[in-house]
Amino acid sequence: MTRQEQFMKKHKRFHRMIALSQAGLFLSLLVLWEAAARLQWLDSFFFCSPSIVVSCFIKMLLGEQLMMHIGYSLLEIAISFVIIFISSFLIAVLLWYYLALSRILEPFLVVLNALPKSALAPLFIVWIGTGTKTIIVAGISVALFGSIINLYSGFRETDPEKILLIQTLGGDRLDILTKVVIPAAVPNIISVMKVNIGLALVGVIIGEFFAGRRGLGYLIIYGTQVFKLDMVLTSIIILCFLAMVLYKIVQYLEHIYLRSGTLAK
Amino acid sequence: MKPFLSFENVSFAYHNLKGETQAIQNLSFQIEEGEFVAIVGPSGCGKSTLLSLISGLFEPEEGSIIFRTENSRPTVGYMLQRDHLFPWRTIWSNCMLGLEIQHSKTKDKIAYAEYLMKEYNLWEVRNKKPNELSGGMRQRAALIRTLVLNPDLFLLDEPFSALDFQTRIEVSEDIAIIIRNSVKTVVLITHDIQEAISLSDRVIVLSNRPAKVVREIPIKLTCTDKSVLATRTAPEFNDYFNLIWEDLKGKEETT
């Protein structure tokens, strides 16, 4: 076996060990949970068990329009995410373009970002009413300000010598923006989007708690009110999967971008 | 005939909250068309400020900078310390950057870029990304990015200082040939005395900040081979070196 083959084998073994440990940890937690419920260490009315969750999932799928609820939550998350992306990008560009504007707005943005947005949700209901619009506003409000601040500070970190280069080639501020600042910020834009997709999900669920008639957030609140705790837990677990899938989608977009970067046209 | 470029009592200072820093004070010198002038000075003496003034990025606070082309500033090509090729663009598209910015991507200019890339061995790698190229190739690509704009005046701001010694000799050789073939007037800023002597027709030695002209030395080397390494063995080389060295040393001791 050559040294290279030895290295490859060692590398593969390490990664297999990581994957197996992750699966093992997950399975043993499930088994422990199930055992704890069956042996009555935990009250399965409050804490459920994996088998209860699975049967509840099937029941909801068949009888309670689960897919409709998931679909609404997803749609609201997607709309919030797109609005967050477009508006925070445009605002960050404006802030970069007009230095004075960014200085003026900075304290306002910092305060708005630090504010716990869930505190605003009840107000949104008073202002906008219940329903999808309020939920989307809640979703946007959670991520928007942080997204603006992060995108803007990414733009600010552009290498000043690259900016000088554009100037020496006779470029103006718009050239600097389109030729250097935005292209150089793409990795930062992607990582901000990864954070935003998670925050949009949080915001939408909060919105559904207060203003929803549909969606997973509504199911969770409704389930708690009528003591259907199996429904609550099942919804939360579905949320976990949704969060993971959404994150993977953004990661896949990043992957496509990176590949287009290394494969020259 | 008027000189190509003339500095007349130019002063420039940087301003910030801590006060002002005089970078250049009452600086006067001339550069003739077709000359390769090296400007040497102790580090931090305002050399880069000088280039920014020539290229028009800064305006002098006092005095004036006069070009022979009275009303219009000549096209200035600028080469920086690092190549600053954009990693997200191919070599070809990096070389097109200046043309894109100046909205002058004409057929002629593109053909000229093709010619330059073929001439200087970059044509084969035009579709690669900068990180796939050697330091020397990257520096040549950066040079072509400026050359396609066909500048009247070429400003080099320590363009080799980020390279290791061997690459530095090779690249400065390359670049000197390319520039002499395609551009008429060149101003090189450097703190490397040997580089200044072997590349230029005239060396202007600057004092510590605020920069003033200490001495102007026309360089005449009696060697037939004008390559960068050969010029270093010319009999006059050491005398020039010592002269400039003394000037720089003297200036640094007084501060």
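**Figure 1. Loop residue B:N121, found between α4 (107-119) and α5 (135-147) of chain B in a predicted model.** The phi angle of B:N121 is near 60 degrees, a positive value in a residue other than glycine. Most residues other than glycine have a negative phi. B:N121 counts as exposed because 12 C-beta neighbours lie inside 10 Å, and a residue is exposed with 12 or fewer.

**Figure 2. Loop residue B:H84, between β5 (76-79) and α2 (91-95) of chain B.** B:H84 also has a positive phi, near 50 degrees, and is a residue other than glycine. B:H84 counts as buried because there are 21 C-beta neighbours inside 10 Å, where the cut-off for burial is 20 or more.

**Figure 3. The contact between chain B and chain A.** Chain B supplies 16 residues to the contact, and chain A supplies 16 residues. On the side of chain B that touches chain A, helix α3 (residues 97-101) of chain B gives the most, with three residues. By class, this side of chain B is made up of seven nonpolar, six polar and three charged residues.

Figure 4. Helix α1 of chain A covers residues 3-38, and A:K10 is found in it. The number of buried residues among the 36 of α1(A) is zero, so the helix lies largely in the open. A:K10 counts as exposed, with 10 C-beta neighbours inside 10 Å. From A:K10 to A:A211 the C-alpha to C-alpha distance is 54 Å, and 201 residues separate the pair in sequence. After α1(A) comes A:Q40, which has a positive phi near 60 degrees.

**Figure 5. The two domains of chain A, domain 1 (3-42) and domain 2 (50-262).** Taken over C-alpha atoms, the centres of domain 1 of chain A and domain 2 of chain A are separated by 32 Å.

**Figure 6. Helix α7 of chain A, residues 132-156, with a kink centred on A:A143.** The kink in α7(A) is about 35 degrees. At 1.5 Å a residue, the 25 residues of α7 of chain A should span 36 Å, and the end C-alpha atoms are 36 Å apart, which agrees. Helix α7(A) is mostly covered, with 20 of its 25 residues buried.

**Figure 7. A:A200 and the largest nonpolar core.** This core holds 126 residues. The members that touch the most other members are A:A200, B:I39, B:V40, B:I144, B:L155, B:V187 and B:V203. Helix α9 (residues 173-211) of chain A gives the most to the core, with 15 residues. Not counting residues up to four places away in sequence, A:A200 touches A:I77, A:S80, A:F81, A:I84, A:G139 and A:A143. A:A143 is also the residue on which the kink in α7(A) is centred.

**Figure 8. A:L201 in helix α9 of chain A.** A:L201 counts as buried because 26 C-beta neighbours lie inside 10 Å. With neighbours within four places in sequence left aside, A:L201 is in contact with A:I77, A:L242, A:A243 and A:L246. A:I77 is also among the residues that A:A200 touches. The C-alpha atoms of A:L201 and A:F81 are separated by 8.7 Å, although these residues are 120 residues apart along the chain.

**Figure 9. A:S118, in the loop between α5 (99-114) and α6 (121-128) of chain A.** A:S118 is partly exposed, as 17 other C-beta atoms lie within 10 Å. The C-alpha atoms of A:S118 and A:I206 are separated by 6.6 Å, while the two residues are 88 residues apart along the chain.

Notes. Residues numbered from 1 in each chain as written. Chains lettered and ligands numbered in written order. Predicted model: local features only at pLDDT ≥ 70, side-chain atom pairs only at ≥ 80, totals over all residues. Contact = placed C-beta atoms within 7 Å. Helix = DSSP H or I, 4+ residues; strand = E, 2+ residues; numbered from the N terminus. Nonpolar A, V, L, I, M, F, W, Y, C, P; charged D, E, K, R; others polar. Expected span 1.5 Å × (residues − 1). Bend = angle between axes of the 7 residues up to and from the residue. Core = buried A, V, L, I, M, F, W, Y, C linked by C-beta atoms within 7 Å. Domains from an automatic or database assignment.
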